[in-house]
Amino acid sequence: MKNIRKIKKIFKSKSTLEGAGVRLKRVFGFHQAPGLDPFLLLDDFHSNHPDDYIKGFPWHPHRGIETITYVLQGEVEHGDSMGNKGIISSGDVQWMTAGSGIIHQEMPKGQEDGTMRGFQLWANLPASHKMMDPRYRDVKSHQIPEVTLDQGVKVKIICGEVKGVKGPVQDIVIDPEYLDITIPSKSRIQYPVNRGHTVFAYVIEGKGYFDPGRDVYAYEVEGKNYFDFKRECLMGSENLILFDDGETLAISTEEGSVRFLLISGRPIGEPVAWYGPIVMNTQEELRIAFEEYEKGTFIKNRKR
């Protein structure tokens, strides 16, 4: 049996306001990011009430990072300083590399019944790629392959490779994997991952066990650590499981299925200077970025 990763820590999402007044769940962000290199932030926006999200995220800048938006229900209309515009709908993904700088807006719209559900992940860029040309990758749901593994496990492959099938998003600096996995009731799987990569799972629906020993684990609420001796690692929705190092994940279910995002990437291991939507390596680089934004020289690459 290959080295199985154990649970390092659990993060519980908490409500916050972002953009022009969007109510969402912050899974992790600034304070937790040092332990999740190369990832910086994960937000879960989920509501049946348009007032929670309709004001959206008006025009704002990004530099030095990639933002990955995955929509489960509803749609997000977007536009940017390069002249790109479009809509991503249920099952679609937008993988945006801000690089040297981009100004964009994202305006969510719910389904007819008002339901909106999606996620936004921020991934850092190494110093060598902070000022690369910006690029967009809008991926429609029909472009995302789904494979079925043993025991009826279903895997949607946004980025990465499973059983020889590659996801549509490729050539990403941090060598990430972004999967949407559903494990049926009363199933046990072992899933291979890259040793040395940061790996976490975020539960969307149902409940599952993410540690073969079902051991005691630490979890974090508002920056404080706690230990749970009772639930035996039975993880439900809106919980993020960060794993220790190893080559394999052991995940199982009892009554009912579990659906989760499985995300991994190669750590960068560089200093992080972060303020708002801009992430660089030094405070001086941050100062220059905001100074350029104020002067109107922030955008280095425009669509011709």
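Before the first stop, sort your residues: Ala, Val, Leu, Ile, Met, Phe, Trp, Tyr, Cys and Pro count as nonpolar, Asp, Glu, Lys and Arg as charged, and the others, Gly among them, as polar. This is a predicted model, where local features need pLDDT of at least 70, side-chain atom pairs count only at pLDDT 80 or more, and totals for chains, interfaces and linings use all residues. Residues are numbered from 1 along each chain as its sequence is written, and side-chain values use heavy atoms, with hydrogens and water left out.

**Stop 1: the largest pocket**

Select E18, G19, F57, Q120 and W122: of the 21 residues lining the largest pocket, these are the closest to its centre. A pocket here is an open set of points on a 1 Å grid over the protein atoms alone, where a 1.4 Å probe fits, with protein on both sides within 12 Å along at least five of seven lines; lining residues have an atom within 4 Å of a point. The lining has 11 nonpolar, six polar and four charged residues. Which strand gives the most to it? That's β5, with four residues. Strands are DSSP runs (E, at least two residues), numbered from the N terminus.

**Stop 2: an open sheet**

Now colour β5, β10, β7 and β8, which form an open sheet in that order with antiparallel pairing. Two strands pair if DSSP finds at least two bridges between them. Why is one side of β5 and of β8 left without a neighbour in the sheet? Both stand at the edges, so each has a single partner strand. Zoom in on β7 (residues 75-80): five bridges join it to β8. Click H78 and you'll find its bridge partner, G86, in β8.

**Stop 3: a loop with a buried residue**

Jump to the loop between β13 (146-148) and β14 (154-159), where L149 is found. Buried or exposed? L149 is buried, because its relative accessible area is 19% (buried means under 20%, exposed over 50%, partly exposed in between, with a 1.4 Å probe and protein chains only). Leaving aside neighbours within four places in sequence, L149 is in contact (heavy atoms within 4.5 Å) with V155, V162, K163 and Y191.

**Stop 4**

Most residues other than glycine have a negative phi, and most peptide bonds are trans. Q151 has a positive phi near 65°, and K163 has one of about 50°. K163 is exposed, at 72% relative accessible area, while Q151 is partly exposed, at 44%. Finish at the peptide bond from D37 to P38, which is cis with omega near 15°.
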